[in-house]
Amino acid sequence: MTTVALGRLSDYEVGVPRSVAAPGRTLVVVRIEGSLYVLDDRCSHEDFPLSQGYVDVEAAEIECARHGALFSLVDGEPLSLPATRPVAHYEVREADGQLVVEVP
Ligand code: FES
């Protein structure tokens with residue numbers, strides 16, 4: 001596992017997805033209120049970057065900009081077609097004063 005530093009909560013604007021490079025993958029990080037949510041930045045339908053999508057802050061969902069599949073930011077599960085497979089998600093924790101995730 002590799003630890004990826006995400007910085008601080010205040011580095012992120014609420015509801016604005018941001019692409020973050022990590023070893024071997026790209027992540028999409030979304031702030032909703034006091035939490036960060038992290039998924040692979042790759043729609044499970046056709047590998048399109050979810051960071052180009054739209055966030056529903058109240059529902060904690062992200063919509064792929066390519067064909068409109070919805071994913072839960074909480075667990076990466078697909079909530080609408082055309083996606084049928086989940087996107088990997090990562091639990092955020094705090095370490096040494098900043099937010100981090102562990103990626104495989
Ligand atoms: S690439 Fe995301 S819904 Fe098709």
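I began with Leu 39, which sits in strand 4, residues 35-40. I note that the model is a predicted one.

I then looked up what Leu 39 touches, leaving aside neighbours within four places in sequence. The contacts are Val 28, Leu 50, Phe 71, Leu 73, Gly 76, Val 87, Ala 88 and His 89. For Val 28, eleven residues away along the chain, I also noted the C-alpha separation from Leu 39, which is 5.4 Å.

Next I turned to the sheets. Strands of a sheet pair through backbone hydrogen bonds, in a parallel or antiparallel way.

I found an open sheet of three strands in the order 1-10-9, paired antiparallel. Strand 1 (2-7) and strand 9 (93-95) are its edge strands, and each pairs on one side only. On average, neighbouring strands in this sheet are turned by 50° against each other, direction ignored. I counted five bridges between strand 1 and strand 10 (residues 98-103), which pair in the antiparallel sense. Thr 2 stands opposite Val 103 of strand 10.

I also found an open sheet of three strands with the order 5-6-7, again antiparallel. Strand 5 (54-56) and strand 7 (70-72) each have a single partner strand, so one side of each lacks a neighbour in the sheet. Strand 6 (residues 61-63) and strand 7 run antiparallel and are joined by three bridges. Glu 61 stands opposite Ser 72 in strand 7.

Key
Residues numbered from 1 in each chain as written. Predicted model: local features only at pLDDT ≥ 70, side-chain atom pairs only at ≥ 80, totals over all residues. Helix = DSSP H or I, 4+ residues; strand = E, 2+ residues; numbered from the N terminus. Contact = placed C-beta atoms within 7 Å. Pairing = 2+ DSSP bridges. Axes fitted to C-alpha atoms, helices over the stretch in contact; angles between N-to-C directions.
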